Every structure is written in C-alpha cells, then in structure tokens.
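Welcome! Here is a short briefing to read alongside the structure, from the whole chain down to single residues.

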Amino acid sequence: QVQLVESGGGLVQPGGSLRLSCAASGSIVSINAMGWYRQAPGKQRELVAAITDSGSTNYADSVKGRFTISRDNGKNTVYLQMSGLQPDDTAVYYCNAGRKRGNTWQFNNGWGQGTQVTVSS
C-alpha cells in the first residue's frame, strides 16, 4: 500500500485558482501512475486527472483546459493546478496511486483523507 496525504484545498471564488498537493510514501516502487478524484455531495467519486511516472496524462472532459496535473518524482508528490474554478467543482478531492497498463488506468490503493475544495462567492 501507498500512504497518501492530500493538501491545498480551501474556499475560493468562482474563476479563482488553487493548487492541490498529494504526497506519497510507502510502496512507491509498485506504482507508475497517480490520479486525482473528487466527490461532490450526493455524487459518485470521479476521476478528474491522472498522470504516469513518464508524464502521460489524462483528464475528464469537465476539467480539460482548466486543470493541470503534474508530478515531482523526486518528492513523490503529485499536484493538481486548478484554474477557472466554478461552483460545480466543489467537492472533496482525493488522490490515489496505481498503474497504467496499455490504455487502462487502475487505481486501487487505499484513500487518503482528502482535501475540501469549495467554490463560492
């Protein structure tokens, strides 16, 4: 298992920006991909962005052009830069760790505590 600690959430006005961080520790050698999920009240958790250790990325359509995922392999940390935030982006954001095999992203690690992002005026 990989231990994950998310940070960087907060309250932001519509149109604003935030950067989330996720620090990973533990069985890092077992993974080659990390992803950011979010879960809004009453909704299922959804994958919004993912990145491999070689830098290949994938984004949900709802965040393309607004969110950017990146990683610092030396620090075992993945980031989610969010801009143009809207009230619909309000959710608890979680990261997860796993592998990308072919075109399939597999995230089945345990979850961290998440970080709350609230977009409101």
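Of the 121 residues in the protein chain, 42% are buried (under 20% relative accessible area, with exposed meaning over 50% and partly exposed in between, for a 1.4 Å probe and protein chains only). This is a predicted model, in which local features need pLDDT of at least 70, side-chain atom pairs count only at pLDDT 80 or more, and totals for chains, interfaces and linings use all residues. Residues are numbered from 1 along each chain as its sequence is written, and side-chain values use heavy atoms, leaving out hydrogens and water.

**Overall build**
- The protein chain has 11 strands and 0 helices (DSSP runs numbered from the N terminus: E of at least two residues for strands, H or I of at least four for helices).
- Its C-alpha atoms fill a box of roughly 40 × 30 × 25 Å along the principal axes.

**Strand 1**
- Strand 1 pairs with strand 3 (residues 18-26) in the antiparallel sense over 6 bridges (pairing takes at least two DSSP bridges).
- Val5 has Ala23 of strand 3 opposite it.

**A loop residue**
- Asn76 sits in the loop between strand 7 (67-72) and strand 8 (77-82).
- Phi of Asn76 is near 50°, a positive value in a residue other than glycine.
- Asn76 is partly exposed, at 31% relative accessible area.
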